[in-house]
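Could we go through this model together, one question at a time?

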Amino acid sequence: MTAPSKQSEDEKTLSELQERIMEYSQILSRYSAQERVASSRKHRTELTLAELQPLPDTTRSYKAVGKAYFLASKATVCADAEKAIADSSVEIDSVRQQRSAVEQKMKEAQAEF
């Protein structure tokens with residue numbers, strides 16, 4: 001009688017570990033996607049800023065707001081771009097920290113497995 005219950009407990013524990021590992025891998029893939037998007041946005045903004053800075057201050061600049069573009073000073077556009085780069089850097093760091101925490105949990109779950 002004790003052997004079947006022990007086996008079913010082991011199977012239940014094994015399936016729970018498998019579910020946790022699958023959940024962690026899904027979370028990791030989401031974090032990787034978020035990091036790629038933030039890195040791409042940061043890179044695009046850096047390129048825009050690099051193209052904009054050598055232009056004279058009198059150059060007409062436009063700020064994107066949704067699907068519309070509005071005339072804005074070069075200083076405003078540059079400041080917004082610098083803020084967006086800083087925000088993206090913070091987001092990338094945050095996602096990397098979260099991803100490393102999940103990777104550690106996944107390693108622990110795999111060790112239990």
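This is a predicted model: local features need pLDDT of at least 70, side-chain atom pairs count only at pLDDT 80 or more; totals for chains, interfaces and linings use all residues.

Residues are numbered from 1 along each chain as its sequence is written, and side-chain values use heavy atoms, with hydrogens and water left out.

Colleague: Is Glu35 buried, partly exposed or exposed?
Modeller: Glu35 lies in helix H1, residues 2-52, where a helix is a DSSP run (H or I) of at least four residues, numbered from the N terminus. Buried means under 20% relative accessible area, exposed over 50%, and partly exposed in between, with a 1.4 Å probe and protein chains only. Because its relative accessible area is 10%, Glu35 is buried.

Colleague: Which side chain makes a polar contact of 2.3 Å with that of Glu35?
Modeller: Glu35 touches Ile92, Val95, Arg96 and Arg99, leaving aside residues up to four places away in sequence, where contact means heavy atoms within 4.5 Å. A polar contact is a pair of N or O atoms within 3.5 Å, one able to donate a hydrogen and the other to accept it within protein, and residues adjacent in sequence count only if both atoms are side-chain atoms. The side chain of Glu35 makes such a contact with Arg96 at 2.6 Å, and the partner at 2.3 Å is Arg99.

Colleague: How far apart are the end C-alpha atoms of residues 78-112?
Modeller: An unreviewed UniProt entry annotates residues 78-112 as "coiled-coil region", and such annotations may be inferred rather than shown by experiment. In the model the span is 100% helix and 0% strand, and its end C-alpha atoms lie apart by 51 Å.

Note on methods
Helices (H or I, at least four residues) and strands (E, at least two) are DSSP runs, numbered from the N terminus.
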